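Try each one before reading the solution under it.

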Amino acid sequence: MSPVASVHSLWTVAAGAPGKIPAPHIEYTELSPTLIVLGAAVIGILIEALVPRRNRYYSQLLLSLVALAAAFAAVIGLAAGGFGSSKAHIAAMGALAVDGPALFLQGTILLVSLIAVFTFAERRLDPAAHGNRVDSFAAQPAAVPGGPAEQAAVKAGFTTTEVFPIVLFAVGGMLIFPAANDLLTLFIALEVFSLPLYILCALARRQRLLSQEAAVKYFLLGAFSSAFLLFGVALLYGYAGTVGYAGIAEVVSDGAKQIDPALAGTMGNDALLLIGAALVLMGLLFKVGAVPFHMWTPDVYQGAPTPVTGFMAAATKVAAFGALLRLLYVVLPGMRWDWRPVMWGVAIITMLGGAIVAITQTDIKRLLAYSSIAHAGFILAGVIATSEDGVSSVLFYLAAYSFVTLGAFAVVTLVRDAGGEATALSKWAGLGRRSPLVAAVFAVFLLAFAGIPLTSGFAGKFAVFKAAAQSGAGWLVVVGVLSSAIAAFFYIRVIVLMFFNEPKADGPTVAVPSPLTITAIAIGVTATLVLGLAPQYFLDLAGHAGVFVR
């Protein structure tokens with residue numbers, strides 16, 4: 001029989017026996033937040049192809065805001081329907097978990113993304129070019145920086161409205177990442193949100209070369225981390241005979257009961273388990289920005305367009321820590337005594353490394369980058385607690401940190417000179433006298449980063465340190481408090497620079513933004529103060545959402 005006839009024969013046999021190939025069972029309602037966002041991203045691509053250029057900006061902005069708001073409403077509906085507690089279950093044929101942590105993190109990502117879209121859409125900060133308002137993104141990203149094609153695009157008033165569907169694709173991947181219930185879904189979600197971020201980092205209107213360099217660094221290091229994670233997935237599959245979280249956890253706890261003949265030589269091999277788990281953790285710690293996997297963070301934060309930096313710093317951390325929590329608490333609880341000492345070490349060097357190196361920074365975006373590294377260490381203290389309080393404290397900290405970060409980077413976009421954003425710290429001298437309101441708002445965010453009482457930063461740090469101390473990690477808390485004291489120095493230094501130094505004659509000015517950026521900053525300040533002054537409701541909310549479905 002010829003190969004073609006053989007294939008045809010197999011096809012007809014399969015078609016004649018419908019019971020042999022079960023149709024997939026997808027719970028569309030439970031997956032609606034992700035489906036809404038990804039569906040809107042696809043529509044956004046069609047808008048780019050079919051809608052006239054002059055109408056794309058408003059169409060894309062409206063579509064993005066409506067999609068993110070609808071997805072957030074869907075998350076609220078699922079939580080109200082009990083899918084975060086009594087009805088929590090594994091959906092999409094075992095690929096995704098619908099439970100409290102997943103819904104809490106998805107809601108946080110969607111809110112953060114909604115606010116970030118306001119900063120992406122800002123068009124009043126730069127002076128108009130050839131009579132056209134411009135945003136933070138290159139007029140024609142594919143053109144050579146400074147070349148005739150770019151100059152022609154600027155003169156024609158082109159804008160890169162593709163950023164909106166690209167952001168939606170990134171958000172879709174982030175929504176799947178913390179809810180992934182098998183290692184292949186985890187890897188696919190990682191790539192779905194990483195690839196759009198690589199593109200977004202290269203799209204800065206000003207300092208194009210620095211932006212492209214940041215994107216290349218992020219892409220190369222991200223590719224390495226993805227390769228490590230994928231190799232770890234392969235090793236864990238060889239160890240357990242499955243990529244499902246529950247199956248791996250069962251083999252880790254009880255040993256290989258049913259040996260797959262194809263994997264008889266490797267199943268239950270502890271070397272594969274240890275190496276595979278370490279490689280997967282490396283991939284996740286890279287996304288978190290923990291030392292020693294942090295080297296991309298300062299360069300990418302500095303080179304990327306500031307709205308993209310704010311979005312990445314907030315949303316990516318939420319998604320990555322959600323995935324890390326699920327891996328450690330659902331897949332590897334039987335290895336707790338193996339991974340806890342390692343995570344202790346990572347948390348300590350991340351807290352101290354981020355805080356100490358931040359002192360030497362002279363650029364505000366690099367300072368905030370090292371600040372984010374230190375905060376990754378503080379959050380890891382809650383991860384190490386290995387308790388329900390640990391999970392809920394991490395969820396609360398991620399929500400609080402996200403709003404502070406977005407607000408801080410939104411303020412950075414306002415301080416400008418002739419070259420664009422004035423990110424050199426020396427240029428911020430006397431800002432409190434030039435623009436007291438902007439400096440006061442930024443001071444609120446810095447105090448929250450420092451963990452000063454009555455801000456969300458204090459409530460978050462207190463929650464994670466309390467959970468860590470109750471789990472026996474007292475020395476880790478001591479290191480965390482010392483790191484917080486070191487970090488407070490450079491935050492206070494910036495406040496002193498703004499309010500107690502004389503402004504320079506050629507110093508930067510504060511641009512007057514549109515209501516979009518004003519709304520983003522106002523929401524950041526409000527969340528920072530509300531979560532600091534009355535955190536109990538939100539701590540209880542995180543507590544109710546702190547149980548993973550297994």
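**Exercise 1.** Find where P292 sits, then work out whether the peptide bond from V291 to P292 is cis or trans.

*Solution.* Start with the place: P292 is in the loop between α10 (270-288) and α11 (296-303). Helices here are DSSP runs of H or I with at least four residues, strands are runs of E with at least two, and both are numbered from the N terminus. Now check omega: it is near 5°, and the bond from V291 to P292 is cis. For background, most peptide bonds are trans.

Some ground rules: this is a predicted model, where local features need pLDDT of at least 70, side-chain atom pairs count only at pLDDT 80 or more, and totals for chains, interfaces and linings use all residues. Residues are numbered from 1 along each chain as its sequence is written, and side-chain values use heavy atoms, with hydrogens and water left out.

**Exercise 2.** Which side chain meets R326 in a salt bridge?

*Solution.* Use the cut-off: a side-chain nitrogen of Lys or Arg within 4 Å of a carboxyl oxygen of Asp or Glu. The partner is D99, at 2.9 Å from N to O. The structure holds eight salt bridges.

**Exercise 3.** Describe how α4 and α20 pack.

*Solution.* Take the geometry to begin with: the axes of α4 (residues 100-120) and α20 (residues 515-533) come within 7 Å and cross at roughly 145°. Axes are lines fitted to C-alpha atoms over the stretch in contact, with angles from 0 to 180 degrees between N-to-C directions. Then list contacts (heavy atoms within 4.5 Å): I115, F118 and T119 in α4 meet L516, T519, A520 and I523 in α20. By class, that gives five nonpolar, two polar and no charged residues.

Terms used:
Ala, Val, Leu, Ile, Met, Phe, Trp, Tyr, Cys and Pro count as nonpolar, Asp, Glu, Lys and Arg as charged, and the others, Gly among them, as polar.
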